[in-house]
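Have the viewer open while you read.

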Amino acid sequence: MLAWLSVWAATWNTQIRLASSVLWYLRKNMKSGLLSSVVFRHALGRFATGVTVVTAERAPGEVHGMTANSFTAVSLEPLLVLVCVDEQARMLPILKKAQRFGVSVLKDYQRAISDFFAQPEQDPEVEHALGIRFEWPATGIPVLGDALAQLTCRVVASHLAGDHTIFLAEVESAEVFEGEPLLFFRGAYRSISPV
């Protein structure tokens, strides 16, 4: 009887340790998984970026735009950039169809324009009230007038990555203008201040 009780106690202790280890592992990974996305978001918020508006022709003469700070240069030879578009964004099917887009780098006083293009629905009356105007430096590729820089791009590849599609594009034209950039840092707009 004592031997059986001893075996039972050892088995019970092993099961408790195993269950305890499993619970510890689940708590650790569930907690770190939740925290890692929050920490990741906060960490990336510490990376100051410029603010761009990606534009594409959704129908002849009609433009759809999307505010994006997930835009970067990729290569100088050939001239390549990339932009990341959320899988739920209205811009996604437009870019997939058009295969060409414009990128306009915003100036420091264009916060309202950034906010406008951050909305999924773009009211033409609000667009008019904000004084938004488009230029067409290349056939079928609109860009914002009065931007700090304007690029026209042709998609050369796209890749689904997590909850976004990455569009890799060759730059076909670029224009630069005077002014200061609109920046985004820690979830808020910023401007460059003289040192």
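Predicted model: local features only at pLDDT ≥ 70, side-chain atom pairs only at ≥ 80, totals over all residues.

Let's start with the open sheet, where three strands line up in the order 1-11-12 with antiparallel pairing. Strand 1 (49-50) and strand 12 (188-191) each have a single partner strand, so they sit at the edges and one side of each has no neighbour in the sheet. As for how strand 1 is attached, two bridges link it to strand 11 (residues 182-185), and the two run antiparallel.

**Thr49**

Thr49 is part of strand 1, and its bridge partner in strand 11 is Phe184. Is Thr49 buried or exposed? Its relative accessibility is 14%, and because the cut-off for buried is under 20%, Thr49 counts as buried. Leaving aside residues up to four places away in sequence, Thr49 touches Asn69, Leu182, Leu183 and Phe184. With Asn69 there's also a side chain to side chain polar contact, at 3.2 Å.

**Ala56**

Over in strand 2 (residues 52-59) you'll find Ala56. Ala56 is buried too, with 0% relative accessibility. Again skipping residues up to four places away in sequence, its contacts include Glu62, Val63, His64, Met91 and Pro142. Met66 is 10 residues from Ala56 along the chain, and their C-alpha atoms are 9.1 Å apart.

Here are the two accessibility values side by side:

| Residue | Relative accessibility |
|---|---|
| Thr49 | 14%, buried |
| Ala56 | 0%, buried |

Definitions and conventions:
Residues numbered from 1 in each chain as written. Heavy atoms only, no water. Pairing = 2+ DSSP bridges. Helix = DSSP H or I, 4+ residues; strand = E, 2+ residues; numbered from the N terminus. Buried < 20%, exposed > 50% of the residue type's maximum accessible area, 1.4 Å probe, protein only. Contact = heavy atoms within 4.5 Å. Polar contact = N/O pair within 3.5 Å; in protein donor to acceptor, adjacent residues only side chain to side chain.
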